[in-house]
Amino acid sequence: MVSLTINGKKVRGSEGSTLLELCREKGISIPTLCYHPDLSPQGSCRLCTVEVFKDGKRRMVTACNFPIQSGIEVWTHSSPVLRVRRLLIELLLARCPEANVLQTLARELGMEGNRFYTKDPKERCILCGLCIRTCREIVGANAIGFSQRGTAKKVSTPFEVDSDQCIACGACEFICPTGAIQMEMDRIRKIKTSDTGMKRYCRYMRLGLIDFMICSNGFECWRCELDQRMEDQFPPHPVFALKPAKKRIPLEIESFIFHPDLFYDDQHLWFKPMDSWIKVGLDGLSSVFALAADSIWLPSEGEHIREGEEIAQFIQEDKKLIFISPITGKVLGINRDILESPSLAWRDPYHRGWLLMIQSEEKEKIYRLYSGERAKEWFTERAKEMKPILKDLEETGASKDREVWRKEEIQKKWIFLTRILFSNKP
Amino acid sequence: MSPHLKTISELRSFRENLKRSRDPRSPCITVCSGTGCQACGALEVLEAFREKIREMGVNQEIEIRATGCHGFCERGPLVVIRPQKICYMNVSPEDVSEILHQVAKGGGVIERLLYQDPMTKQRILYEEEIPFYKFQRRIVFGSNGEIDPTNIDDYIGIGGYQALEKVLSTMTPEEVIQTIKASGLRGRGGGGFPTGIKWEACRRAKGREKFIICNADEGDPGAYMDRSLLEGNPHSVIEGMLIGAYAIGSEEGYVYVRNEYPLAVSNLSCAIDQARAYGLLGRNILSSGLNFQIKINRGGGAFVCGESTALMASLEGRVGEPRAKYIHTVEQGLWNQPSNLNNVETWANIPLIINRGVEWYSSIGTEGSKGTKIFSLVGKINHTGLVEVPMGMTLRQIIFDIGGGIPKNKRFKAVQTGGPSGGCLPEALLDLPVDFDRLQEAGSMMGSGGMIVMDEDNCMVDMARYFVQFLEEESCGKCTPCREGLYQMGRILNRICRGEGREGDIELLEDLSLVMLESSLCGLGLTAPNPVLSTLRYFRDEYEAHIQERRCPAKFCRELISFSIHPEKCTGCGACAKVCPAQAITGERKKVHLLESQKCVKCRACFEACKFDAVIIS
């Protein structure tokens, strides 16, 4: 617990929470435009600016992303804070004079008139970015983003083309505080959304909320029974109730990183099916070996490999760890960075530490591997077995540099570790 | 022939051999091939030299070396004859054979190519005696003129990688950090944060991996010292980063450099390749167990990417937008791992501190700012170029002693330090010692070290408008105060410059500035009002003249001035009529000319052309 003073009152909050969360918990209202409890704080509207004193030093910070610290003194409605808020609202109202949220906030702060110039009186977008973060962090579609910069900045689809990345879930329209986004069904209907181009996958299918569903209503969701059912069952908007993208971010299990959105095999390789190829890498457990390896061998680009053939070797002195391919295909590309620095696989196993990309027709073989909840269970079980060894390393390694120590230990326990990790290996 | 150096002693003996094989007394002609001199034709001069020595058959006796920037860019191309260090300026390919003949003869000087003192008309022979160089202290920048940046042997030959040697063989990472802390080195990128403390925090931070980043995204208009260092002495930056990697415990380093710096990119990649071939980068460097590699990342032309968090976002492949730094980048930076970012100049200072010791280093500079700082001296100044001076030198010394004062005997008006988000300092502050804290107190900042000198013809309102518009274009647009604030600020300043300023505009500018200073997200927005606030502080009367009297005191703002010809001063030479693009000036030869103000586009061409001060601006 962290104790601090807010507006002259002593309060306590749990470590890691933000100032805004604590204030809301204590019933102190701070206006926000770009904040949403389900989304990562962006800190861009600056309306939640508060005054913080620490060791006699004064600072203005945004409450939405400021982690609480013990001993600080916070003022949420002091006159400098109100001066900042008033001017920010005046600036935003000059941009979007018609936005109701802004007019209400201006009334609450007792403001009248505007000293600034309005370029486009019809402008509605305040660039809070809620729609973009919703699309990325809740929906997982990444269909919209900011384009341009500075005063020309705006929200748009890539290259301002109607793209099939948009699954027409309507979450952006739902979250927009000023009504700047409107669904245009005519345009959505024209976007190709299935492999054949004729059929249209249901938006709930594309969100991963139902298994398979072809839309028979031409995307006129208001005529659809399923849509109605979803909305009734998951108010106020199914996307926000279910948050599909939140289930796809890497998490830490027993201090090892696990990615819930990938496929795994018994060798602790991960597979990620892309358009016509598959990306392969070491998972958060087997990548421990990368830390101790002297070098890595990978097949060359363009090479054809068959199921059961080697796709990677980790070499440490006289020891060798061999990984075999579960699929047949052509090596499209290899990660050159990892050849130069094998420890990259440990440092960042699912992103920069990938091994190779294979072009293959055998995607369905990948789909049969561990995935979803089953993968998580399997991973957790193994992580628990591995944990005591590494925990031991952390504790005894206090005197020496932790990573160097760990590396040496892994080298010593190489054989022992392989036995734990690869007990199911053919 | 690139030896793969496997141990520290191999590097040491390699250096000794190099030194032995090179005779410091043998003649060497260095041609500055920095970007400034290249623009003046240095490459043609270099080519002429190479051709001529072949022709004369002296290519064994005389070495021609293309070096990095010498700093005196005003007088490029610069050629220095070593070992005497005779400095020739504005050299053209036609001068080459004459120079070569003199050198081959072993003596003699070409008077007309020497620097001439504007007051005494005396010619000055040696580089270090020219006032521009005499008052400088070129510890970081000095080697630029001696070495060929594309040849690692040159760098090793003058003692390069000696600091790395020392660190790997005799110091622990903690000792390195203590040394840097004790030296008092502060970040040269503008913030002035103590480098040692940053390193220590990064070393202590927990993470799977740690990153070392060199910020070479130099975007301030008129500033080019990082560019010249990377172009002229890339190995000093690499060596600094290697020492940092050892101290912090990092395996991977990045140099984020502007794509607009092609020569810096090519010299740096060449240097990295050579260092790797020599075994100074890669795995298990000199058998010390240190693994380190450096990658170059070219920026896409966004000024805001010089801000540390925006730079890291850009490195990750995302849009270059800053984020809040309540959790510091030394704890969670690039890919959310501990990351240590320093500016090019800071990295180049590291080997010096290690080699020459804390006491020596901290004897240079002032109480709170140690060492030297490179400034780029531009604008209305006689000696445009890069100068390296000890911290604490006064603005007057820099501008008048080194910079040679203001051209055409005009009056000094102000100097803008610290780039677009720095401030303008007036004549009254000329005796201000230049260091981090004193500049801050005066309402400006050190920034990356740009110094733009302005004379009496510069309008301060227009100056503020220029910088605000620059920042408006470069703002990323993420946070409200910076995006909307700069837009409105630009409009108000525009209006004032056009003579449409209103009562209350000054107060509105102040209101806006204060809120931006307090509530912007990143350094760009937080310092963006500085040009406005500092000009309001020191030149408020100019704002008032624009608004109340619709008059520009510097006679600069186009909408507020008109041109006419003084009938008594006009000699009828016709020079003004010739240059006028709008045919607004008429008159017969040897008779008084007339200027039609309806046709006049106020381009100032006639004003510049008239030798008799007959064109009058009112």
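1. Two residues are taken to be in contact if their C-beta atoms, placed from the backbone, lie within 7 Å. On that basis, 34 residues of chain A are in contact with 34 residues of chain B. The structure under discussion is a predicted model.

2. On the side of chain A that touches chain B, strand 4 (57–62) and helix 2 (79–95) of chain A each supply at least two residues. Helix 2 of chain A gives the largest share, nine residues. By residue type, this side of chain A comprises 15 nonpolar, nine polar and ten charged residues.

3. Chain A as a whole contains 15 helices and 18 strands. Its C-alpha atoms fill a box of roughly 80 × 65 × 40 Å along the principal axes. Of the 426 residues in chain A, 37% are buried. Where contacts in chain A join residues at least 6 apart in sequence, 59% of them link residues at least 24 apart.

4. A:Pro273 belongs to strand 11 of chain A, which covers residues 269–273.

5. Leaving aside residues up to four places away in sequence, A:Pro273 touches A:Ile278, A:Lys363 and A:Ile366. A:Phe263 is ten residues from A:Pro273 in sequence, and their C-alpha atoms are 8.6 Å apart in space.

6. For chain B, the domain assignment gives five entries: domain 1 (25–128), domain 2 (152–361), domain 3 (372–455), domain 4 (460–548) and domain 5 (562–617). Taken over C-alpha atoms, the centres of domain 1 and domain 5 of chain B are separated by 43 Å.

7. Helix 18 of chain B spans residues 460–474, 15 residues in total. From first C-alpha to last, helix 18 of chain B reaches 21 Å, close to the 21 Å expected at 1.5 Å a residue.

8. How many of the 15 residues of helix 18 of chain B are buried? Twelve are, and the helix is mostly covered. Among them are the charged residues B:Asp462, B:Arg465, B:Glu472 and B:Glu474. The buried set also includes B:Met460, B:Val461, B:Phe467 and B:Leu471.

Notes
Residues are numbered from 1 along each chain as its sequence is written. Chains are lettered from A and ligands numbered from 1 in the order in which they are written. This is a predicted model: local features need pLDDT of at least 70, side-chain atom pairs count only at pLDDT 80 or more; totals for chains, interfaces and linings use all residues. Helices (H or I, at least four residues) and strands (E, at least two) are DSSP runs, numbered from the N terminus. Domain bounds come from an automatic or database domain assignment. The expected span of a helix is 1.5 Å times one less than its number of residues. A residue is buried if 20 or more other C-beta atoms lie within 10 Å of its own, exposed if 12 or fewer, and partly exposed in between; C-beta atoms are placed from the backbone.
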